[in-house]
Amino acid sequence: MANLNVKKVKSSEIEFKDRLVAIKRVTKVTKGGRTFSFSAIVVVGNENGVVGYGLGKAKEVTSAIAKGIDDAKKNLIKVPILKGTLPHEQEGKYSGARVFIKPAAPGTGVIAGGAMRAVLESVGVKDVLAKSKGSSNPHSAVKATIDALVKMRDAYTVSQLRGVDLEKVFNG
């Protein structure tokens with residue numbers, strides 16, 4: 001089934017906060033010696049349901065981060081948020097990374113590790129429980145978390161897709 005709730009968002013009218021997830025120095029060995037460059041993975045979000053990630057590579061750290069931010073603004077998604085948490089439990093996967101995110105009671109906070117925390121805070125979730133299984137590679141963890149968030153659906157969306165009343169969604 002294709003993801004019906006992937007809502008692309010225009011980045012021009014929204015104010016974003018960016019979070020640097022990871023930066024690495026990568027080396028290319030040539031006959032003239034080693035050439036160093038930097039690879040940065042960045043997450044941007046408006047902390048109100050919109051999030052995106054991007055990868056930037058450049059000779060300097062600052063330009064790598066700037067490129068990552070530009071790339072992140074090009075692929076944004078909209079995530080349903082209910083009362084500061086998520087609508088339901090969801091698993092996401094990408095390559096070797098598996099993530100599990102679960103809504104939490106108010107006052108819990110964001111219980112998540114490294115790369116997942118950056119994504120969930122950028123979305124604007126205040127209370128969530130999250131577990132990362134498998135690969136801890138930041139690139140894979142970010143993409144797996146985004147995958148889980150893309151699969152999120154609120155009750156209103158479900159009722160529209162099924163063509164039934166909101167009460168019927170809850171009562172079965």
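**A chat about helices and a sheet**

Trainee: Which strands does α2 lie across?

Mentor: In this predicted model, α2 lies across β6, β7 and β8 (128-134). The helix runs at about 145° to β8.

Trainee: Which strands does helix α3 touch?

Mentor: Helix α3 (residues 138-150) packs on the sheet and touches β5 and β6. The direction of α3 makes about 140° with that of β5.

Trainee: What is the strand order in that open sheet?

Mentor: The order is β5-β6-β8-β7, with 4 strands and mixed pairing. The edges are formed by β5 (90-94) and β7 (110-111), each of which pairs on one side only.

Trainee: How many bridges join β5 to β6, and in what sense do the strands run?

Mentor: There are 5 bridges between β5 and strand β6 (residues 97-103), and the two run antiparallel. As examples of facing residues, G92 has V99 in β6 as its bridge partner, and E91 stands opposite F100 in β6.

Trainee: Which residue in the hairpin of β5 and β6 has a positive phi?

Mentor: That residue is S95, with a phi near 55°. The hairpin has 2 residues between its strands.

Trainee: And what does F100 stand opposite in β8?

Mentor: In β8, F100 stands opposite K131. β6 and β8 are joined by 7 bridges and pair in the antiparallel sense.

Trainee: Back to α2, please. Where does S122 lie?

Mentor: S122 is part of helix α2, which covers residues 114-123.

Trainee: Why does S122 count as buried?

Mentor: S122 counts as buried because its relative accessibility is 0%, and the cut-off for buried is under 20%. Leaving aside residues up to four places away in sequence, S122 touches R19, V43, V44, G45, N46, E47, V50 and V51.

Trainee: How far apart are S122 and A58?

Mentor: From C-alpha to C-alpha they are 24 Å apart in space, and in sequence they are 64 residues apart.

Trainee: A new topic: what span should helix α1 have?

Mentor: Helix α1 (residues 61-74) has 14 residues, so at 1.5 Å a residue it should span 20 Å. The C-alpha atoms at its ends are 20 Å apart, which agrees.

Trainee: Which residues of α1 are buried?

Mentor: They are A64, G68, I69 and A72. These residues cover an arc of only 140° around the axis, so they sit on the same side of α1. On the other side of α1, T62 and K74 are exposed.

Trainee: What do the buried residues of α1 pack against?

Mentor: They pack against four strands: β1 (17-30), β2, β3 (50-58) and β4 (76-78).

Trainee: Which residues are buried in helix α4?

Mentor: In helix α4 (residues 155-162), the buried residues include T157, V158 and S159. G163 follows α4 and has a positive phi, near 75°.

Trainee: Finally, where in the protein is confidence lowest, and where is it highest?

Mentor: Confidence is lowest in helix α5 (residues 166-171), with a mean of 72, and highest in strand β2 (residues 33-45), at 96. The protein has a mean pLDDT of 89, and 91% of its residues reach 70 or more.

Conventions. Residues numbered from 1 in each chain as written. Predicted model: local features only at pLDDT ≥ 70, side-chain atom pairs only at ≥ 80, totals over all residues. Heavy atoms only, no water. Buried < 20%, exposed > 50% of the residue type's maximum accessible area, 1.4 Å probe, protein only. Contact = heavy atoms within 4.5 Å. pLDDT = per-residue confidence, 0-100. Expected span 1.5 Å × (residues − 1). Arc of directions from axis to C-beta. Pairing = 2+ DSSP bridges. Axes fitted to C-alpha atoms, helices over the stretch in contact; angles between N-to-C directions.
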